[in-house]
Amino acid sequence: MIKLYHAPLTRSIRVVWLLEELGIPYQLETRDYRPSPTPFAQPTPFGKLPALEDGETVMFESGAIVEYVLERYGQGRLAPRPGEPGRGTFLQWLHFAEATLMPPLVEIFRHTMLKPEAERIPAVVADGRARAAVTLNVVEQALRGRDYLLGEDFSAADVMMGYGMKMAEQFGLLHELPNLKAYVQRLNARPALQRAMGAK
Ligand SMILES: N[C@@H](CCC(=O)N[C@@H](CS)C(=O)NCC(=O)O)C(=O)O
């Protein structure tokens, strides 16, 4: 059975959410998130959350885990298959969610909550908010007239993006973005996300 290293509120929510959407059994190894000045300090394989063990496979990186789970257990659900129409757009948003949306949000998080107060730099927060605003607007435009990133159908790209969007909402960055506000509400209504948010 899949073993998933998880801490509430961390990116491991993405993997719990995906497993719940797909109805795949898993064993949760919940850890306390350890705020630490050095990265790779979590009590999991590789020191990061999430991490996944599935037989011989032990891996980290939430996007890679999502792709692995889809390939191994998805049976064609929640993603266009390689070569199918929509595959490129799916991969684009799946990777955008971690590689482009998360970095400015993480800077905001580090310099408003994670770091000791004396080490927080307000200019980094201001820069993060400005960069996040531009990035969020790209998704706002992409969601015009669409329920989900691929159109009518919810996909694992929404799982990846949803985590960052909930963080952006927490930082008050969605006020002027009606498509994103509606998108987050739509995602919040999904029972699988509700179960993931409550996973302990
Ligand atoms: N790009 C990685 C980022 C993983 C990551 O940094 N996770 C955070 C929790 S959300 C973590 O483990 N931080 C603590 C550390 O690096 O020690 C992913 O998507 O899984």
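Look for R14, V15, L18, L19 and L22 in α1, which meet S62, I65, V66, V69 and Y73 in α2. Two residues are in contact here if their C-beta atoms, placed from the backbone, lie within 7 Å. Helices are DSSP runs (H or I, at least four residues), numbered from the N terminus. This contact of α1 with α2 divides into 8 nonpolar, 1 polar and 1 charged residues. Ala, Val, Leu, Ile, Met, Phe, Trp, Tyr, Cys and Pro count as nonpolar, Asp, Glu, Lys and Arg as charged, and the others, Gly among them, as polar.

Please keep in mind that this is a predicted model, where local features need pLDDT of at least 70, side-chain atom pairs count only at pLDDT 80 or more, and totals for chains, interfaces and linings use all residues. Numbering starts from 1 along each chain as its sequence is written.

How do the two helices lie? Helix α1 (residues 12–22) and helix α2 (residues 62–73) pack at an angle of about 15 degrees, their axes 10 Å apart; axes are lines fitted to C-alpha atoms over the stretch in contact, and angles run from 0 to 180 degrees between N-to-C directions. The pair is therefore roughly parallel, a term for angles under 35 degrees.

Now step back to the whole chain: its domain assignment, automatic or from a database, gives domain 1 (2–79) and domain 2 (87–195). Between them, 14 residues of domain 1 are in contact with 13 residues of domain 2. On the domain 1 side, α1 brings the largest share, 6 residues.

Key:
Parallel < 35°, antiparallel > 145°, perpendicular 65-115°, else oblique.
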